[in-house]
Amino acid sequence: MIDFALSETNGFEKIRVWLERTCAIHYPPQKRALLEQRLSRAQRKLGMTTLSELAEALQRSDAQDVQLAIMHAASTNHTFFFREKEVLGYFRSEVLPRLADRSEIRLWSAACSTGDEVYTLAIMIAETLGIDTLRRAHILGTDISAPVIEAAESGVFPLRQLQQVPSEIVRRYMHPVGIDQFRVNDEIRAACTFRRLNLKKAPYPFQRPFQAVFCRNVLYYFTPADQIAVVEAIADATEEGGFLFTSVTENVRELSSRWRPLTSGISRKSESVN
Ligand SMILES: C[S@@+](CC[C@H](N)C(=O)[O-])C[C@H]1O[C@@H](n2cnc3c(N)ncnc32)[C@H](O)[C@@H]1O
């Protein structure tokens, strides 16, 4: 019995360390029970009976399905349309007007979960600069978890994720596809692309820089060292003068990086004030 408990503790510890090293996802000691619960769910889904079996499977060279299951199980995917309106208000009034004349609008939602933020940005472009502007807009959504990227690509959302969306916006840009389910219209979806990407794996594989990056409600799952590494790698992928949006509770001000904080949740990659 003691041996079993010990081997389960070792198995848990191996997975916890792997998650932090490979995905930057850090579970502090006080969240141990939560991670145990999440890993047990992944382990059962994979048809395994113990955490040590799961940890062993993770070490194998062909462990991609196990890795994906653990990454998904360990991440918190809560998101919804028009989240944190104060931050989005700045994007609408200060950033979008600067992008109005650009031949290409390039935005990135890093850690986009089911894509609500990506479609929110596309809708904001349509509302602020006109629907035709979407033809020269590229909004990329990335996440470490494969199932959320698949959900994002489908463009179908339950009503509960649309609570913050004014009803006229729902009518204009979405259509019902089932009971309390809506699909984003094709003209919005055409501007949005989704890929799996692990923020821990820098440098990021982009050939052209983004004008604004949204990396919201994910940094606080990382250690301070990983937070700095991630915001620095995002700076490499952002044009000079570009913007970084985090959540208002994620403070880039405390991180030593090239980002100059403007106000809560908003920073700029530039030396000069403007
Ligand atoms: C709480 S959601 C945030 C979604 C959206 N940005 C928002 O603010 O509503 C956090 C997301 O970060 C993703 N994530 C966690 N670690 C990641 C990593 N290393 N690379 C990319 N995505 C990651 C999770 O899979 C999850 O979907």
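View 1. Domain 1 gives 8 residues to the contact and domain 2 gives 12 residues; two residues are in contact if their C-beta atoms, placed from the backbone, lie within 7 Å. On the side of domain 1 that touches domain 2, helix H1 (2–23) and helix H4 (64–74) each supply at least two residues. H4 provides the largest share of this side, with 3 residues. By class, the side of domain 1 that touches domain 2 has 5 nonpolar, 3 polar and no charged residues. Ala, Val, Leu, Ile, Met, Phe, Trp, Tyr, Cys and Pro count as nonpolar, Asp, Glu, Lys and Arg as charged, and the others, Gly among them, as polar. Helices (H or I, at least four residues) and strands (E, at least two) are DSSP runs, numbered from the N terminus. Residues are numbered from 1 along each chain as its sequence is written. As the model is predicted, local features need pLDDT of at least 70 and side-chain atom pairs count only at pLDDT 80 or more, whereas totals for chains, interfaces and linings use all residues.

**View 2. The shell around the ligand.** The ligand is surrounded by 24 residues, of which the closest are Ser75, Thr79, Ala111, Ser113 and Leu199; a residue is near a molecule if its C-beta atom, placed from the backbone, lies within 6 Å of it. The shell holds 10 nonpolar, 9 polar and 5 charged residues. Because domain 1 (2–74) and domain 2 (85–268) both give residues to this shell, the ligand lies between them.

**View 3. The open sheet.** The sheet has 7 strands with mixed pairing, in the order S6-S2-S1-S7-S8-S10-S9; two strands pair if DSSP finds at least two bridges between them. S6 and strand S9 (260–263) stand at the edges with a single partner strand each, so one side of each is left without a neighbour in the sheet. From one strand to the next, the twist averages 20°. S7 and strand S8 (residues 238–245) run parallel and are joined by 4 bridges, and Phe210 stands opposite Thr238 in S8.

**View 4. Helices on the sheet.** Helix H7 (residues 146–154) lies across strand S2 (137–143) and S6, and runs at about 165° to S6. H10 packs on the sheet, where it touches strand S1 (105–110), S7 and S8, and its direction makes about 140° with that of S8. Axes are lines fitted to C-alpha atoms, for helices over the stretch in contact, and angles run from 0 to 180 degrees between N-to-C directions.

View 5. Most residues other than glycine have a negative phi, and most peptide bonds are trans. The peptide bond from Ala202 to Pro203 is cis, with omega near 0°; Pro203 is found in the loop between strand S6 (192–196) and strand S7 (210–214). Glu84, in the loop between H4 and helix H5 (85–99), has a positive phi near 55°. Glu84 counts as partly exposed because it has 18 C-beta neighbours inside 10 Å. Asn217, in the loop between S7 and helix H10 (224–236), has a positive phi of about 60°. With 19 C-beta neighbours inside 10 Å, Asn217 also counts as partly exposed. A residue is buried if 20 or more other C-beta atoms lie within 10 Å of its own, exposed if 12 or fewer, and partly exposed in between, with C-beta atoms placed from the backbone.

How values were computed: Domain bounds come from an automatic or database domain assignment.
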